[in-house]
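Trainee: I have a new structure to look at. Can you walk me through it?
Mentor: Here it is.

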Amino acid sequence: MEKSQFAQKEFLILLVRLVMEELRKWERSVPIGVSNRHIHLDRADMDILFGADSEPTRIKDLVQPGQYAAAETVTLQGPKGELKRVRVLAPLRSEAQVEISIGDSYVLGVRLPVRESGMLEGTPGVRVIGPKGEVELKRGTIAALRHIHLDSATAKRMGVHDKQMVRVEIGGLRGATLNNVLLRVSDVFAPEMHIDVEEANALGVKNGDRAYIVLD
């Protein structure tokens, strides 16, 4: 075989290998969803803040099936300050939960833990002010642990499972490898990684950019 033909063959082999690596990487990727500060309410708090038997007004569907952003907003008040126009996300839950950033916690004056959603034991509370009334939450204010939602079929294809902690690669000029990313697997989920605004700004990413799960 001539040198030129050998070089072409080697180039094609390398090209195919690179393409296959990119395809495998893409198969382990999910879109990024950037989560701004928001609040989930329970039935009792919704009644106090917005009136008896009131319901969240749907304005935008979220990626996760059945979840949506509501027109309603509240003010959060802490020992030092307040955050206005904090969006209500729906549907209603069994217990209220406030998700803000570390920077927001400095404004409010609360010591904010990083927690998985729903893990509220020992978390601080805040005052929530709505147009019809106010609620003093005893707990429920967190910085959400970065996590990835996966449906069961996708998780099985990737070879991962619920509650698994993984590393994630994010590309771009300010990209990085993130440790301690929680996987949440359920038939009611759609593939999506959730990070907060501070994390997104540090990484230079926006909604729809891709995150790549690293499997050792």
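Mentor: Strands β1 and β15 (residues 210-214) run antiparallel and are joined by 3 bridges. Strands here are DSSP runs of E with at least two residues, and helices are runs of H or I with at least four, numbered from the N terminus; two strands pair if DSSP finds at least two bridges between them. This is a predicted model, where local features need pLDDT of at least 70, side-chain atom pairs count only at pLDDT 80 or more, and totals for chains, interfaces and linings use all residues. Residues are numbered from 1 along each chain as its sequence is written, and side-chain values use heavy atoms, with hydrogens and water left out.

Trainee: Which residue does Ser29 stand opposite in β15?
Mentor: Tyr212.

Trainee: And how many bridges join β1 to β14?
Mentor: There are 4, and these two strands run parallel. Ile32 has Met193 in β14 as its bridge partner.

Trainee: Switching topic, what lines the largest pocket?
Mentor: It has 43 lining residues, with Ser35, His38, Leu62, Leu89 and His194 nearest its centre. A pocket is an open set of 1 Å grid points where a 1.4 Å probe fits, with protein on both sides within 12 Å along at least five of seven lines; lining residues have an atom within 4 Å of a point.

Trainee: Which element gives the largest share?
Mentor: β5, with 5 residues. Elements giving two or more include β1 (29-35), β14 (192-196) and α5 (197-203).

Trainee: Where does Arg58 lie?
Mentor: Over the face of Tyr68, 4.0 Å from the ring centre. The rule asks for CZ of Arg or NZ of Lys within 6 Å of the ring centre and within 35 degrees of the ring normal.
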